[in-house]
Amino acid sequence: MVQRAVLLGLDLGASKVVAVVAVLGEDGTLTVTGAGQADPQGGLRLGEINDMDLATKAIRRAVEEAMNTAGQTQVDGIRVAVDGIQFLGENLRDTITISNPDKIITGTDRDRVLDQATAGSKLAKEQQVLHRIPQMFHIKGQSNVRNPVGMYGETLEAEARIIVAPGPVVKNIELALKNAGLAGAELIHAPLASAEAVLNREDRENGAVVVDIGAELTHVGIFLHGSLFHSAVIPIGGKHFTQDLEITKHLGGFSIAERIKVRYGHVLPPHLVAEEYIELEDEGRQVSRREIAEVLHARAAELLNHVTAEIGRTGLTYEIHGGVHLVGGGSLLSHLPLMAQTVLGRPRVVLGRVHGVSGLPQATGNPHCTTALGAVKALARDLQERGKHQDRSKGFLGKLKEMF
Ligand SMILES: Nc1ncnc2c1ncn2[C@@H]1O[C@H](COP(=O)(O)OP(=O)(O)OP(=O)(O)O)[C@@H](O)[C@H]1O
Ligand SMILES: [Mg+2]
């Protein structure tokens, strides 16, 4: 394979920072060659930097491990998946008149209508805009145009979604990345990265939901006609399931409750026999597995009801046919997809599987790497679309090189 670019993808989570290195071939193939993971030890909370030093160290450790496995010392591009409690999205709509005498819509017209829509948003004025995602265009007399450039039209209407976050939140993430030697890294909203990893073109077109259940937060992305239509963050994650267990069953501490949840956790109590007990070694007693499942079921129901509400908010409940894709550590609870089928009232709920990448199976087949792999895939796609790549000897590459 002729190597075109070495790419680094990161996912900044409350329980882990994940880094993956992938090589983009001249033929467009993406091969994962390195992966690393580090615990931020409280340095990240609710998607925000909580301790600059701890966050920086975790990023550095994850990247170092990924680069060492890959045998690389420099990269051509870095993309980092971020999302937090204060990230917001808004759907916008605006119209312009096409002033060219021949009424052929240009790229400038397309940008102008998107700029005008963004300028009209109060959120965009007050916060930092991370993404401006075109959803659909309408020309006078012709609706639902994917790309209006080169078409005839007297007016051009755009529908777009913006993703914003408070300036200081974004600035501090950028600062942590810079401190870790990754100046110049681009940010991507985590639901976009997760979707890039697990959704194929057909799912995106037919309407699909990506639910990323993390440690503290659940990120929801709803896609339709190929682009992000709705996104939301729900303040419930795997940590709440563990806390519920510890509070109600007194298993001997948060870390023991966490171990029991991961090993024996289940969300469908009727699937378990009443006589199955889990030995609490340090406590010298037993706890019913079915009772554990009842506690987890209650929290899962609450979380899935929030997801149902977010789907309902779009007004597209019956237009989403591409299924629900669960990602994130919290989605690994036994039988959660089956329970979600019932609660969400959707026949297709699957654990998201990364497609379109090859290489290291410990990364490509690892659910903990999904969002970081999505970030790298999004970067590869953009590079291919732009048809260019940065000179390996320039910019942040030098800075990254100093690190190793
Ligand atoms: N096998 C498993 N079964 C059940 N839960 C699991 C399993 N593995 C991990 N988890 C849970 O997943 C959660 C962490 O998920 P993940 O690693 O996606 O979070 P994160 O990305 O660090 O957090 P966030 O996105 O909230 O910032 C933890 O609460 C953990 O208990
Ligand atoms: Mg996460």
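## Contacts and overall build

Two residues count as being in contact here if their C-beta atoms, placed from the backbone, lie within 7 Å. Take the contacts in the protein with a separation of 6 or more: residues 24 or more positions apart account for 70% of them. Keep in mind that this is a predicted model.

As for secondary structure, you'll find 13 helices and 19 strands in the protein. The radius of gyration is 22 Å, close to the 22 Å that the globule rule gives for 404 residues, so the protein is as compact as a globular protein of that length. Laid along the principal axes, the C-alpha atoms fill a box of roughly 85 × 50 × 40 Å. Buried residues make up 45% of the 404.

## Domains

The chain splits into three pieces: domain 1 (3-85 + 169-200 + 355-403), domain 2 (88-165) and domain 3 (232-350). Between domain 1 and domain 2, the C-alpha centres are 30 Å apart. Five residues from domain 1 and five residues from domain 2 make up the contact.

On the domain 1 side of that contact, α4 (167-179) and β11 (186-189) each supply at least two residues. That side of domain 1 has three nonpolar and two polar residues, with no charged ones.

In soluble globular proteins, nonpolar side chains tend to be buried together. Here, the largest nonpolar core has 119 residues, and the ones with the most contacts inside it are Leu10, Ala19, Val20, Ile59 and Val80. Helix α9 (residues 289-313) is the top contributor, giving the core nine residues.

Leaving out residues up to four places away in sequence, Val80 touches Leu10 and Leu12, then Leu177, Ala185, Leu187 and Ile188, and finally Ala375.

## Around ligand 1

Where does ligand 1 lie relative to domain 1 and domain 3? Both domain 1 (3-85 + 169-200 + 355-403) and domain 3 (232-350) give residues to the shell around ligand 1, so the ligand lies between them. There are 23 residues around ligand 1, and Gly13, Ser15, Gly214, Gly238 and Gly329 come nearest.

Two helices to look for here are α7 (238-249) and α8 (254-264), each of which supplies at least two residues of the shell. Sorted by class, the shell around ligand 1 has 12 polar, six nonpolar and five charged residues.

## A buried loop residue

Leu360 sits in the loop between β19 (358-359) and α11 (361-364). Is Leu360 buried or exposed? A residue is buried if 20 or more other C-beta atoms lie within 10 Å of its own. Leu360 has 21 C-beta neighbours inside 10 Å, so it counts as buried.

Who are its partners? Not counting residues up to four places away in sequence, Leu360 touches Val32, Thr33 and Ala35. Ala35 is 325 residues away from Leu360 along the chain, but their C-alpha atoms are separated by 8.2 Å.

## Two positive phi angles

Leu46 has a phi near 50 degrees, a positive value in a residue other than glycine. You'll find Leu46 in the loop between β4 (44-45) and β5 (48-49). With 18 C-beta neighbours inside 10 Å, Leu46 counts as partly exposed.

Asn144, also not a glycine, has a positive phi near 55 degrees. Asn144 is placed in strand β9 (residues 142-145). Asn144 has 10 C-beta neighbours inside 10 Å, so it counts as exposed.

Key. Residues are numbered from 1 along each chain as its sequence is written. Chains are lettered from A and ligands numbered from 1 in the order in which they are written. This is a predicted model: local features need pLDDT of at least 70, side-chain atom pairs count only at pLDDT 80 or more; totals for chains, interfaces and linings use all residues. A nonpolar core is a set of buried Ala, Val, Leu, Ile, Met, Phe, Trp, Tyr and Cys residues joined through C-beta atoms within 7 Å. A residue is buried if 20 or more other C-beta atoms lie within 10 Å of its own, exposed if 12 or fewer, and partly exposed in between; C-beta atoms are placed from the backbone. Helices (H or I, at least four residues) and strands (E, at least two) are DSSP runs, numbered from the N terminus. The radius of gyration is taken over C-alpha atoms; the globule rule is 2.2 Å times the number of residues to the power 0.38. Domain bounds come from an automatic or database domain assignment. Ala, Val, Leu, Ile, Met, Phe, Trp, Tyr, Cys and Pro count as nonpolar, Asp, Glu, Lys and Arg as charged, and the others, Gly among them, as polar. A residue is near a molecule or strand if its C-beta atom, placed from the backbone, lies within 6 Å of it.
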